[in-house]
Amino acid sequence: MPKKDDQRKSVIDVLNKARSMELYAIIQYMNQHYVLDDADFGKLASAAKKIAIEEMKHAEKFAERVKELDGEPTAEIAARIVHAQKIEQIYPFDADVEADTLVKYNEFMKICRDNNDSVSATLFETIIADEQEHFNYFDDTHAHIEKLGNSFLARMTGENAD
């Protein structure tokens with residue numbers, strides 16, 4: 001049977017991996033928000049910003065839980081930011097990011113349960129629901145762009161991105 005310190009360390013490790021993934025998503029989605037806003041796709045830019053802010057809340061929740069377990073929250077991002085994406089690239093890319101997040105967070109939730117930390121497991125469970133919504137949005141938007149093309153994109157222009 002693993003020692004309590006080993007169990008705590010295993011949970012802190014996955015919480016910090018998740019925080020790192022959230023920090024990456026924040027920067028990636030805000031970068032996309034700026035690109036979309038500059039291209040005058042106000043509705044799409046606004047949605048990217050909203051999702052980035054939700055990811056900020058997730059990152060903070062993971063950090064707070066790490067601190068509760070006497071760990072140090074990471075400030076590292078999980079991957080390199082991809083810049084200058086075309087609008088047709090953004091949504092399948094983001095759907096892939098969210099799909100990967102869903103797989104990993106389910107694995108992390110199991111690690112928390114296996115290490116007798118139901119509080120952290122529940123945190124993952126809650127955040128997984130949000131990530132599923134993000135995946136659905138990115139995947140649906142990608143499908144609309146593919147199916148409807150410029151007519152869909154034209155409807156997304158001109159609004160304020162706030």
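Is Arg113 buried, exposed or partly exposed? With a relative accessible area of 46%, Arg113 is partly exposed, where buried means under 20% relative accessible area, exposed over 50% and partly exposed in between (1.4 Å probe, protein chains only). The model is a predicted one, so to speak of local features takes a pLDDT of at least 70 and to count side-chain atom pairs takes pLDDT 80 or more, while totals for chains, interfaces and linings use all residues. Residues are numbered from 1 along each chain as its sequence is written, and side-chain values use heavy atoms, with hydrogens and water left out.

As for the overall layout, the protein has five helices and zero strands, with helices (H or I, at least four residues) and strands (E, at least two) taken as DSSP runs numbered from the N terminus. The C-alpha atoms fill a box of roughly 60 × 25 × 25 Å along the principal axes. Of the 162 residues, 44% are buried. Among contacts (heavy atoms within 4.5 Å) with a separation of 6 or more, 83% are between residues 24 or more positions apart. The protein exposes about 8,900 Å², and carbon and sulfur atoms supply 51% of that; accessible areas come from the Shrake-Rupley method with a 1.4 Å probe, and for residues only the protein chains shown count as cover.

Now for the inside. A nonpolar core is a set of buried Ala, Val, Leu, Ile, Met, Phe, Trp, Tyr and Cys residues joined through side-chain atoms within 4.5 Å. The largest one has 22 residues, and Tyr29, Leu36, Phe41, Leu44, Ile87, Tyr91 and Leu153 touch the most other members. Two or more residues come from each of α1 (4-38), α2 (42-68), α3 (87-114), α4 (118-148) and α5 (150-155). Leu153 is in contact with Phe41, Leu44, Ile87 and Ile145, leaving aside neighbours within four places in sequence. A second, separate core holds 19 residues, including Val14, Phe62, Tyr105 and Cys112. In soluble globular proteins, nonpolar side chains tend to be buried together.

Beyond its neighbours within four places in sequence, Gln28 is in contact with Arg80, Ile81, Val82, Gln85 and Phe93.

On the charged side, the structure holds seven salt bridges, each a side-chain nitrogen of Lys or Arg within 4 Å of a carboxyl oxygen of Asp or Glu. Arg113 is in one of them, with Glu125 (3.2 Å, N to O). Glu125 lies in helix α4 and Arg113 in helix α3, so this pair ties together parts that are 12 residues apart in sequence. Glu125 is partly exposed too, at 43%.

Two further bridges stay within a helix. Lys104 pairs with Asp100, the closest N and O atoms being 3.2 Å apart; the two sit four residues apart in helix α3, about one helical turn. Lys104 is partly exposed at 31%, and Asp100 is partly exposed at 35%. In helix α2, Arg65 and Glu68 are three residues apart, and their closest N and O atoms are 2.9 Å apart. Here Arg65 counts as buried at 13%, whereas Glu68 counts as exposed at 53%. Salt bridges that share partners join Arg65, Glu68 and Asp117 into one network. Just after α2, Asp70 takes a positive phi of about 65°.
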